[in-house]
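Here's a quick briefing to read alongside the model. Have a look at the structure first, then work through the points below.

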Amino acid sequence: MNPSTAQATVVVDELVRGGVEDVVLCPGSRNAPLAFALQAADAAGRVRLHMRIDERTAGFLAVGLAISSGRPVPIVMTSGTAVANLGPAVLEANYARVPLVVLSANRPYEMLGTGANQTIEQLGLFGSQVRATVSLGLAEDGLAQNSQWRSAVCRVLAAARGTRSGNAGPVHFDIPLREPLVPGRHPDELTPAGRPNGAAWTTTQNATLDVPIDIDLSIDTVVISGHGSGHRPELAGVPTVAEPTAPLHGPPLHPLALPLLEPRQAIITGRPTLHRPVAKLLANPAVAVFALTTGPRWPDVSGNVVGTGTRAVVTGSPRAAWLARCQKLASHADVAVREQLSLHPKPTGLHVAAVVTDAMEPGDQLLLGASNPVRDAALVSYPKPGVRVLSNRGVAGIDGTVSTAVGAALKHPGRTVALIGDLTFLHDAAGLLMGIGEPRPDDLTIVVANDDGGGIFELLEQGDPQYAGVFERVFGTPHGMDLAALCSAYRVPHRLVDPDQLTEALGVANHGVRVLEVTTERSGLRELHAAVRARL
Ligand SMILES: Cc1ncc(C[n+]2csc(CCOP(=O)(O)OP(=O)(O)O)c2C)c(N)n1
Ligand SMILES: C=C(O[C@H]1C=C[C@H](C(=O)CCC(=O)O)[C@@H](C(=O)O)[C@@H]1O)C(=O)O
Ligand SMILES: [Mg+2]
């Protein structure tokens, strides 16, 4: 077995021993030793290999696989811009604490600066965005490097999982590889041995971060449950504004009810990412804000957090009058939203979100695109028990969302529905490119609310009628794209559905990947949201 083949075979073997189930591979030559080793592991049923041509979609496919399974997912690619294309996925993984491993093949380091082809300073490329940057020395004939290789893999996986830090996230694992890059004449030679019984080379237990903080719940309190929040049974009695991807700890509180309430205390769990009324509350100096997070970091956008920890030691109970007021205002907001939807003359993304979230049942997985879809879901529904809701809230990008949905669906045993906007769909339509024979989701429905542009901007300052002369081109960005033709090019079934047919269409049994496109209007969104607020 030549040195590069031996090294690659050991690395793949140790990844499998470390609990990796899925690996995404992009074609290249420098990473050929890893490609051969991964193909062999896939053929032996030890790992599920996913080939992707485009490293950008590969990275977000891995994000989807990782957030749905909780397992580290390596993405393997050749040197050069192939590695740089993982940038957006690494950013998302950093801020959303997703265990990704960018496993980049590299030219031998001595080639740096020589003008050698496809040779860049890729070690360290992701800077502070990764939890660790690990490299391996070149494999050499006759050197006993097995233990170094295997222990490095264990360090990579531990860093990605946050095993000792409580802070899962992306890791860059850069491996310089020297020719020969293809297996020798004796490809069946034995792999340098791992630990007995398939164990990992280095084992460790998850560190537990335990930082208790005292919180008195007799003070009028709301909980803001944001992305990445842990479950907090100690807050079960406290009115909770939960983002769609977060647990609903206590009685549901609608985000639009917040401005009508005067809590004296707020408890953040996870990281709030969605609503301005939430941001305004958390910035109010008259409100005592606590942050409970599971990892070493906590959010404090306004610098108003008075105390933080990983566990609340609660005393007291919410006042009955406070609970009653929160419940009344939450119900009022719920009614106002649905009532205005029924009165609004044109179908909008908010209408589509209401249909999709109403259709979700226990066992389903829902993935929400950035921009309006995730916000619309928050306005028309509360997190449902048994429905897993995912969204790339790390940096709220509209990139890679189709790929993320495909990855998440590949790891979910039941139905996955993705609700995304048209720009989000167009941004990552290449995520539909799944090569012949590659694993495909059993049941993924991508619902595209197509308002021919960026509906979110209608609701922001730039959507004010005073900017009408400028708005449409530089914010609305109408495109007029034929989504049916695009889906046809990717060989994915597509159906244009009237809004009032969407419930029925979602109920049709699905096998594989399909796109349901719903034409919506963004021109009346500002008025619709204003009408809802006027009813509060
Ligand atoms: C990669 C990336 N580029 C740009 C943005 C800024 N942005 C946020 S929402 C949005 C428009 C989204 O439009 P669409 O997906 O159609 O959803 P809609 O707002 O229409 O519901 C853009 C461009 C972003 N978040 N991420
Ligand atoms: C479009 C971008 O992001 C903006 C999207 C929505 C945010 C927002 O305020 C929506 C309305 C609401 O939640 O009340 C907006 C914000 O946080 O102020 C974001 O900037 C973008 O390009 O950043
Ligand atoms: Mg749109």
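**What sits around the ligands, and what packs inside**

H12 gives the largest share of the shell around ligand 1, three residues. Helices and strands here are DSSP runs numbered from the N terminus (helices H or I, at least four residues; strands E, at least two). Keep in mind that this is a predicted model, where local features need pLDDT of at least 70, side-chain atom pairs count only at pLDDT 80 or more, and totals for chains, interfaces and linings use all residues. Residues are numbered from 1 along each chain as its sequence is written, while chains are lettered from A and ligands numbered from 1 in the order in which they are written.

**Ligand shells**

- Ligand 1 has 19 residues around it, and the closest are Ser 371, Asn 372, Gly 421, Thr 424 and Gly 455; to count, a residue's C-beta atom, placed from the backbone, must lie within 6 Å of the molecule.
- H10 (372–380) and H12 (422–427) each put at least two residues into that shell.
- The shell around ligand 1 splits into seven nonpolar, nine polar and three charged residues; Ala, Val, Leu, Ile, Met, Phe, Trp, Tyr, Cys and Pro count as nonpolar, Asp, Glu, Lys and Arg as charged, and the others, Gly among them, as polar.
- Around ligand 2 you'll find Leu 274, His 275, Arg 276, Arg 375, Ile 456 and Leu 459, which come to three nonpolar, one polar and two charged.

**Helix H8**

- H8 (residues 320–343) runs to 24 residues and reaches 35 Å from first C-alpha to last, close to the 34 Å expected at 1.5 Å a residue (that is, 1.5 Å times one less than the number of residues).
- Its buried residues are Trp 322, Cys 326, Leu 329, Ala 330, Ala 333, Ala 336 and Val 337; buried takes 20 or more other C-beta atoms within 10 Å of a residue's own, with C-beta atoms placed from the backbone.
- H10 and H17 (525–534) are among what covers the buried residues of H8.

**Asp 22**

- Asp 22 lies in strand S1 (residues 22–25), and it counts as buried because 22 other C-beta atoms lie within 10 Å.
- Leaving aside neighbours within four places in sequence, Asp 22 is in contact with Val 47, Arg 48, His 50, Leu 65 and Val 73 (contact means C-beta atoms, placed from the backbone, within 7 Å).
- The C-alpha atoms of Asp 22 and Arg 46 are separated by 9.3 Å, with the two 24 residues apart along the chain.

Definitions and conventions:
A residue is buried if 20 or more other C-beta atoms lie within 10 Å of its own, exposed if 12 or fewer, and partly exposed in between; C-beta atoms are placed from the backbone. Two residues are in contact if their C-beta atoms, placed from the backbone, lie within 7 Å.
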